[in-house]
Amino acid sequence: MRALFLRDIQLGIRSGGGFGLALAFFLIVVMFVPFGIGAERALLASVAPGILWIGALLACLLSLDRIFQLDMEDGTLDTLATSPLPLSGITAAKAAAHWVTTGLPLTLAAVPLGYLLNLPNTAYGVLFVSLLIGTPALSFIGAFGAAITVGIKRGGLLLSLLVLPLYIPTLIFGALSVTRTINGQDATATLALLIGLSLFSIVLMPFAAALALKANLK
Amino acid sequence: MTVKATNLACARGDRMILQDVSFTLDAGDCLILRGANGAGKSTLLRVLAGLAPLAAGELILDADQMAYSGHQDALKLQLTARENLAFWAGVYDTHCVDQVIADYDLGSFADRPVATLSAGQKRRVGLARLSISERKIWIMDEPTTSLDAENRDRITAKIRDHIAAGGIVILSTHLDLDIPHATALDIAQFGATVQDTSPFLEGDY
């Protein structure tokens, strides 16, 4: 499993696909917002938490189909399925590698991008923390969606339709944590729920994804 | 160690394509599947590898001792041949990458990205993975595709070594490979007579 995890990170960085694409997309979305809604500082500050979270979520979605599709196409998935690794271990390792190559860079990039949206000073800490603990849920739920659609050529649309509704709780609690902090309210409860969502996804989604992969390989 | 198939039936999608396939292999045996394109060789091999469902019959095969090599080489184009093999060594928890690269004579291109290799070179790296796995039962789907005569002989020699060491090889090919004591099985004789297995087309509707 360690070998698979490290190889997926290596592939993500070397091919530039997952790693560069998500970051560039996030950067573009956030940079375009002031052009679209005007550079009014108070307005930008009020939409910043939502924009940053939606941007991170969509950027994450962009690279989901790479989790299993490429391995399916070149026969790696067949070979992995007959290897000593359990399928749930394979899906967990690949989802974790996806988080390291997309969720983690997005979390790090969100802080300087928050400055572009005039995010209030008090909110940077909670923005970073909420993304850090929320993005694992995006990768693990996404891996489940990717496993369901792995056999479908150009399954991106179906993948988005399946995964986006499951992303809504993460988005709500993530953005709400930041908004509450800006308004001077306590964000502990929403952050706790966000951690809960991530842990729930990390524990259960690899097994669900393994079942979906098994059905698709047959 | 034994591979025993009793009255296997295989389906591709909803269509039953093979039925009543039976054979028994012991350590040191080699089974060569023959048959025209579309006869069901690949499907049977996928069933044996556990990658496709068994429609009927009984199969005894130790999945923990089996290594499968399909039509595709399961290589990552961005990585070098050595990195690919090292990855599989990590998956199978073995430590024989350098030895296998020497055995399969991959040294001259082992450190080039797989994207720059020819189809035959990729094939050789893909087949080397079977030795990396250090597993006893090899299931090979047309292993000689895109290999030249010299490398075909090298792979055939590898297969002979493997069965001489007590391994079992099940492969499909259209060529005459020089493997003594190999059992040939023409799977055309198992062609299914019942074609449609879809439950949705049964009964009144």
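**Where the chains meet**

Author: Across the interface of chain B and chain A, the rule picks out 4 salt bridges, a salt bridge being a side-chain nitrogen of Lys or Arg within 4 Å of a carboxyl oxygen of Asp or Glu. One of them joins the side chains of Asp78(A) and Arg46(B), at 2.9 Å from N to O. Before going on, bear in mind that this is a predicted model, where local features need pLDDT of at least 70 and side-chain atom pairs count only at pLDDT 80 or more, while totals for chains, interfaces and linings use all residues. Residues are numbered from 1 along each chain as its sequence is written, chains are lettered from A and ligands numbered from 1 in the order in which they are written, and side-chain values use heavy atoms, with hydrogens and water left out.

Back to the interface: 10 residue pairs are in polar contact between chain B and chain A, both at pLDDT 80 or more. (A polar contact is a pair of N or O atoms within 3.5 Å; within protein, one must be able to donate a hydrogen and the other to accept it, and residues adjacent in sequence count only if both atoms are side-chain atoms.) On chain B, strand S5 (66-69) and helix H2 (81-92) each supply at least two residues of the side that touches chain A; helices (H or I, at least four residues) and strands (E, at least two) are DSSP runs, numbered from the N terminus. H2(B) gives the most to that side, with 6 residues. Sorted by kind, the side of chain B that touches chain A has 13 nonpolar, 4 polar and 6 charged residues. Here Ala, Val, Leu, Ile, Met, Phe, Trp, Tyr, Cys and Pro count as nonpolar, Asp, Glu, Lys and Arg as charged, and the others, Gly among them, as polar.

The contact (heavy atoms within 4.5 Å) takes 23 residues from chain B and 23 residues from chain A. Together the two chains bury about 2000 Å², 60% of it on carbon and sulfur atoms; that is the accessible area (1.4 Å probe) that two parts lose on being put together, summed over both.

Now for the rings. The whole structure has 3 aromatic pairs over all chains: rings of Phe, Tyr and Trp (its six-membered ring) pair if their centres lie within 6.5 Å, and planes under 30 degrees apart count as stacked, over 60 as edge-to-face and the rest as tilted. Phe32(A) and Phe35(A) make an edge-to-face pair, 6.4 Å centre to centre with 85° between the planes.
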